[in-house]
Amino acid sequence: MLLNETPLFEPSLLQELDWSSNTVPFSPPISPSSPGEGLVLRPLCTADFNRGFFKVLSQLTTTGDVTPEQFTKKFEHMKKTGDYYVVVVEDTHLGQIVATATLITENKFIHSCAKRGRVEEVVVSDVCRGKQLGKLLVSALTLLSKKLNCYKITLECSANNVTFYQKFGYTASQETYMQCRFSN
């Protein structure tokens, strides 16, 4: 199984974000092009399987025992659809993924066949918390959804994270989040 550096989506999408329209303050200042000493913000690639991508995700939720073959197959599917934007922060000194978040775009018939964005799986490794990486990821994905012409962006979060997301302009909606889980 060949794990390589091919990005999930075009890296220029992150490089071309209009960071001047970001409304969240960073102290010290960081940005997608300059996330911190030895850190790089970029699209996910299959080589990240061996850089601790699942180790970081497992700090958020159950990931299961995923093989490189399963990972590559899901990656290729996501890349082919063009609707998945999984970003990672790599610590280049350690050669490890230390944070990740996902933007999924949903094509709609409503709002003149517009797109809706959804933020998922925002997690920063416990060894890197406090470096503003969560803020960086959410700011970048929020701006990316705007760049991709989404008419809105949503996310689900626990009650104790509401204040964090309000900093980015997210507000509680009147809709009730409901779910039906299936055991696998």
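Modeller: Helices (H or I, at least four residues) and strands (E, at least two) are DSSP runs, numbered from the N terminus. The model under discussion is predicted.

Biologist: Which element supplies the largest share of the lining of the second largest pocket?

Modeller: The second largest pocket holds about 740 Å³ of space, and 21 residues line it. Elements that give two or more residues to this lining are E4, strand E5 (150-155) and H6. The largest share, four residues, comes from E5.

Biologist: How many charged residues are in the lining of the second largest pocket?

Modeller: Nearest the centre of this pocket lie Thr154, Leu155, Glu156, Thr171 and Ser173. By class, the lining has nine nonpolar and seven polar residues, and the charged residues number five.

Biologist: Which element gives the largest share of the lining of the largest pocket?

Modeller: The largest pocket has a volume of about 1000 Å³, and its lining comprises 31 residues. The largest share, seven residues, is that of E4.

Biologist: How many nonpolar residues does the lining of the largest pocket have?

Modeller: Leu60, Glu120, Glu121, Val122 and Glu156 lie nearest the centre of the largest pocket. The lining as a whole divides into eight charged residues, ten polar residues and, for the nonpolar class, 13.

Biologist: How many disulfides does a search of the whole structure find?

Modeller: A disulfide requires a pair of cysteine sulfur atoms within 2.5 Å. The cysteine sulfur closest to that of Cys128 is in Cys45, 18 Å away, and is therefore too far for a bond. The number of disulfides found across the whole structure is zero.

Biologist: Is Cys180 buried or exposed?

Modeller: Cys128 counts as buried because its relative accessibility is 4%, under the 20% cut-off. The cut-off for the opposite class is over 50%. Cys180 has 58% relative accessibility and therefore counts as exposed.

Technical notes
Residues numbered from 1 in each chain as written. Predicted model: local features only at pLDDT ≥ 70, side-chain atom pairs only at ≥ 80, totals over all residues. Heavy atoms only, no water. 1 Å grid on protein atoms, 1.4 Å probe; cavity = no way out; pocket = protein on both sides within 12 Å on 5 of 7 lines; lining within 4 Å. Points joined across faces, edges and corners; volume = space filled by probe spheres on them. Nonpolar A, V, L, I, M, F, W, Y, C, P; charged D, E, K, R; others polar. Buried < 20%, exposed > 50% of the residue type's maximum accessible area, 1.4 Å probe, protein only.
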